[in-house]
There are 2 protein chains.
Amino acid sequence: MREVFQQELAEVQDRLVEISRLVGISIAKSTRAFNESDVNLAEEAISEDDKIDELTIELDELAITILARQQPVARDLRIVVSALRISSSLERMGDLSTHIAQLARYRFPDKVVPKSLRGTFGEMGALLVTISTMLTELLTTQDVKLAEVIRNEDDKVDALHLSVFDAVLAETWNGAAADTVDSTLASRYHERFADHAVSIAKKIQYLGTGAWQQSTTGVQ
Amino acid sequence: MREVFQQELAEVQDRLVEISRLVGISIAKSTRAFNESDVNLAEEAISEDDKIDELTIELDELAITILARQQPVARDLRIVVSALRISSSLERMGDLSTHIAQLARYRFPDKVVPKSLRGTFGEMGALLVTISTMLTELLTTQDVKLAEVIRNEDDKVDALHLSVFDAVLAETWNGAAADTVDSTLASRYHERFADHAVSIAKKIQYLGTGAWQQSTTGVQ
């Protein structure tokens, strides 16, 4: 029974890694589409979100099946419950990535962001791609040191998010209302995406180094 | 064992109802603070969010304890897992309510919303209060007909949300950039609040009429 459980837990982990990887591809496409006004890339990111949604539903079903069949307790139980929550955050990150791509598609062939903010959104996009890559790595290796790195990168995203508000509220801002709306929403989507990554990182940190792996050695 | 489980499930339900009730009070205060520029009410809503956060953490712990002790399967298991998800949405609704109150506080003594949009935000606020009331009722009675009502009210919120964008993007819009930013964010917070209510309603609908109660009669 224990061995079956360990296999199932490894399966849960593999699937979380896979979903996180797809979210990483999505945010790389969305932010590039957004910053370079690439409508094809935006379309790709949008259409690929269905796959993320599907995989998270399947993962949730697997986690519930494990709860029912294996009746885990203590730390094992917390790992499975955490998987459900991580899945929910990943699904939401996919949605936010889609929202960023939708802004690019909606404004095409124009760029979403006025010239003065392109540097800022370029940096934010790059940070989200880094954060996603770190998150997949964190889910793969359970190396909780990466959680700290993700938090630090999130601080940078927050600072850039605030700087977007400073820019659009400055007297020198001469963007149209549409620019103001798009920059506000886009910045908020970027910020929320990073927040979800931090929330996942915290859950893994809470479970402790090598949550899924330690469990394989039977440590509780 | 079964009887203990039913008692614990009833306890979970009671706590969800309580949290939902507090979220309802919070959104009533936040939207009034927002629309009437009442900074004291905004402060109240903001400070009361800690209680919501605390109660959701306690509820999550209770749900996990039930999973560990009672080892529910089939529909019972799904009810407990749903409780975890509902709790997470309620916590988020509390956050969004706080964001609305923070906008009111930040802009005080000015009103957040320019005159031309006050009617729209007034309606949106009233809809959120209605939706919250319905949600508490749905959690209390498990009457899934209320889920449909919540979805309908959410459609109205979505329509108003779109109308905010139409307004700020119209040629006649003469608000400052700060008005555009605040209206955009506020509208988004209102829309997301309603979305979470719909998401909870769907979960209860999925579990079927009288989820918690049916379980009390031992029906699976």
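What radius of gyration does chain A have, and how does that agree with a compact globule of 220 residues? Chain A comes out at 19 Å. A compact globule with 220 residues would be near 17 Å, so the two agree. Keep in mind that this is a predicted model.

Now the overall build. Chain A has 8 helices and 0 strands. Read from the N terminus, the elements go α-α-α-α-α-α-α-α. Along its principal axes, the C-alpha trace spans about 65 × 30 × 20 Å.

Next, the inside. Of the 220 residues in chain A, 56% count as buried. Take the contacts in chain A with a separation of 6 or more: 85% of them come from residues 24 or more positions apart.

Chain A exposes about 9,100 Å². Carbon and sulfur atoms supply 53% of that area. On charge, chain A carries 23 positive and 35 negative side chains. The centres of those two sets lie 3 Å apart.

Let's zoom in on one helix. Helix 6 of chain A covers residues 145-169. At 1.5 Å a residue, its 25 residues should span 36 Å; the end C-alpha atoms are 37 Å apart, so this agrees.

Which residues of helix 6 of chain A are buried? Among them are Leu146(A), Ile150(A), Val157(A), His161(A) and Phe165(A). The buried set also includes Glu153(A) and Asp154(A). Here is the general rule: an α-helix has 3.6 residues a turn, so residues three or four places apart point the same way.

What covers those buried residues of helix 6 of chain A? The cover includes helix 5 (115-141) and helix 7 (177-207) of chain A. It also includes helix 6 (177-207) of chain B.

Terms used:
Residues are numbered from 1 along each chain as its sequence is written. Chains are lettered from A and ligands numbered from 1 in the order in which they are written. This is a predicted model: local features need pLDDT of at least 70, side-chain atom pairs count only at pLDDT 80 or more; totals for chains, interfaces and linings use all residues. Side-chain values use heavy atoms; hydrogens and water are left out. Helices (H or I, at least four residues) and strands (E, at least two) are DSSP runs, numbered from the N terminus. The expected span of a helix is 1.5 Å times one less than its number of residues. Buried means under 20% relative accessible area, exposed over 50%, partly exposed in between (1.4 Å probe, protein chains only). Contact means heavy atoms within 4.5 Å. The radius of gyration is taken over C-alpha atoms; the globule rule is 2.2 Å times the number of residues to the power 0.38. Accessible areas come from the Shrake-Rupley method with a 1.4 Å probe; for residues, only the protein chains shown count as cover. Lys and Arg count as positive and Asp and Glu as negative; His and the chain ends are not counted. The place of a charge is taken as NZ of Lys, CZ of Arg, CG of Asp or CD of Glu.
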